[in-house]
Amino acid sequence: MAEINILQLIKGLDIGGVNGGAERFCMDLSRQLSPMGYRVTIFAFFRMHTPAEAEALQALQAAGLEVIQLAEWRGNGALSSYRQALHGLEDYVQSHPVQIVHSHFQLGTLAALRLKRQCPSLIALRTVHNVQEWEQTLAGRLKAHIFTERVFAARLDAEVGVSQAIVEQLRAHPGATHYPEKIHLIHNAIDLPEALPEIKPPRVEGQSFVIGSVGRLAEQKGYRFLLAAIPEVLEVIPGCELHLAGEGERKAELMAVANELGISNQVKFKGYLGNIPDFLSGLDLFISSSLWEGLPTAILEAIMAGVPVLATDIAGNRELIQNGKTGWLVQPADAHALARAILHAYHHPELRQQFAREARRILPQFSIQTVTEQYAQLYQRLLAGAV
C-alpha cells in the first residue's frame, strides 16, 4: 500500500484541562495508525503551555509522530488565533501531499471543509465525540442549526459517531436525509493491556471508602451535583472521601461549592495526573455524574482498572453500563439520587465486585486496536470512492 498522508485535527494537547477525551482518543488512534502504513500528522490548533500538554507532546514525539501546534490559545471565541491556525494549516497542505483530513472538533471540521473546497480531491471526515457540540447559547444553537445539522452532513465525505446515540442524532439531521451512507458508527476506545489488573477485594463497612471521578472540571461533568450529594453520604459514611482528577474552567467554582457545603476536607481536587490507572486503583467506586456524553473513555478506563461504576443514566453511559448488572445508573442532575446510589454501593460490597467483573465483558469491542482497524477500512473505502 502506498503511503497515505492523514492530517488529524484537534483543539489542543492540554488533556484533562481545556481538552479531553476527543484529543486523547486522537492521540491513541494516531499511534496505532502509524505502523499500518499511514503517515499521520497531528495538528493541534492551539498551544496552551501546561504540564499536561508538555507530557502529551513528548509522548507523541517519542512514538515518532509529527505534531504541529498552530496558534496560541487565547480563550473561546478568539478569532485571531483561529485564523492564524487556519492559515498555518492551509500553508502545510499547499506544500505537502495530503489525502485525508480527519477532524475531531467543530472548528477543525470547518477548516477541513475549507481545505476540501480548495482541493476537491481531498477526503474530509469528522468524528463526533459528544451529543452536545456547541455552547448552549443563541449563537451556539445557530451554529448547530447551520453547520452540524446541514453543512457538515452535505459536504463532508463521512461523519463518524462514537456511540449509537450520536449516530442516531446525526441521521436525524436535515442535511443527512440524502446522505445516510456517509454516517458510520465507530466506538471510542482505549488501549487494553494483554492482562487486565486483578479486581481487588472490596473494602467493607467500617473501613475507609474512596469514591472519585476523572474528567475536565466543566459543567458537562455535573460535578456540582456530585458535590451536593456528599453531605448526605457523610451522614452515613463519615470517613468517605471524594477524589476528582482533572483541571478545568470550573475548578475555582467547584472548590468554593465544596467549602460552602462544609466538605472541603473530604473532597480532594487532584488536578492533572499523568498516571490515571494508579489513581483509579485507589478508588472503591468510580462515579460519572455527567449531564451529557458521547461515549466516555473514563468509564472504560475504570472498568479496565476493575473499579465498579456508578453513572448517570444518559446516552453514551447507557451503552457501557447496564443498571443492576454491570453497575448503577441514576438520573442526571439529581444529587439525592447520587447519594442514595453511593450508599447502596457502600452497603453492598459483593455487588461492587460482581459488577466490576461483569462490566469487563464489554472491553474487547472497545479496544483501540479493533477500532483503529475499523477506521483504516473506512479510510480505504473513502479513497476508493466506495462510500
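## Cavities, sheets and a few residues

About 90 Å³ of space lies in the largest cavity. Here a cavity is a set of points, on a 1 Å grid over the protein atoms alone, where a 1.4 Å probe fits but cannot get out. Its volume is the space filled by probe spheres set on the points, with grid points joined across faces, edges and corners. This is a predicted model, where local features need pLDDT of at least 70 and side-chain atom pairs count only at pLDDT 80 or more, while totals for chains, interfaces and linings use all residues. Residues are numbered from 1 along each chain as its sequence is written, and side-chain values use heavy atoms, with hydrogens and water left out.

**Empty space**

Rolling a probe the size of a water molecule over the atoms shows where empty space is left. The structure holds 2 cavities of 30 Å³ or more. Helices (H or I, at least four residues) and strands (E, at least two) are DSSP runs, numbered from the N terminus.

A pocket is an open set of grid points with protein on both sides within 12 Å along at least five of seven lines. The second largest pocket has 14 lining residues, and Val131, Glu133, Trp134, Ala144 and Glu149 lie nearest its centre. Helix H5 (residues 138-155) gives the most to this lining, namely 6 residues.

Here are the volumes and the lining classes. Ala, Val, Leu, Ile, Met, Phe, Trp, Tyr, Cys and Pro count as nonpolar, Asp, Glu, Lys and Arg as charged, and the others, Gly among them, as polar.

| Space | Volume | Lining residues by class |
|---|---|---|
| Largest cavity | about 90 Å³ | 6 nonpolar, 2 polar, 3 charged |
| Second largest cavity | about 40 Å³ | 3 nonpolar, 1 polar, 4 charged |
| Second largest pocket | about 190 Å³ | 3 nonpolar, 7 polar, 4 charged |

**The seven-stranded sheet**

On to the strands: 7 of them form an open sheet in the order E3-E2-E1-E4-E5-E6-E7, with parallel pairing. Strand E3 (66-72) and strand E7 (183-185) stand at the edges with a single partner strand each, so one side of each has no neighbour in the sheet. From one strand to the next, the twist averages 20°. Angles run from 0 to 180 degrees between N-to-C directions, and axes are lines fitted to C-alpha atoms, for helices over the stretch in contact. Two strands pair if DSSP finds at least two bridges between them.

Strand E5 (residues 123-128) and E6 run parallel and are joined by 4 bridges. Across that pair, Leu125 stands opposite Ala158 in E6, and Thr127 faces Val160. In a regular strand the side chains alternate between the two faces of the sheet. In strand E6 (residues 158-161), Ala158 and Val160 point one way and Glu159 and Gly161 the other, and all are buried. Buried means under 20% relative accessible area, exposed over 50%, and partly exposed in between (1.4 Å probe, protein chains only).

Helix H3 (residues 79-95) lies across strand E1 (4-10), strand E2 (38-47) and E3, at about 145° to E3.

**The six-stranded sheet**

A further open sheet, of 6 strands, has parallel pairing and the order E10-E9-E8-E11-E12-E13. Its edges are strand E10 (267-271) and strand E13 (328-330), each with a single partner strand, so one side of each is left without a neighbour in the sheet. Neighbouring strands here are turned by 20° against each other on average, direction ignored. Strand E11 (residues 285-288) and strand E12 (residues 309-312) run parallel, joined by 3 bridges, and Phe286 stands opposite Val309 in E12.

Leaving aside its neighbours within four places in sequence, Lys221 is in contact (heavy atoms within 4.5 Å) with Arg216, Ser289, Ser290, Leu291 and Glu293.

Glu55 sits in helix H2 (residues 51-62) and is partly exposed, with a relative accessible area of 37%. Beyond its neighbours within four places in sequence, Glu55 is in contact with Tyr272 and Gly274. The C-alpha atoms of Glu55 and Asp191 are separated by 18 Å, and the two residues are 136 residues apart along the chain.
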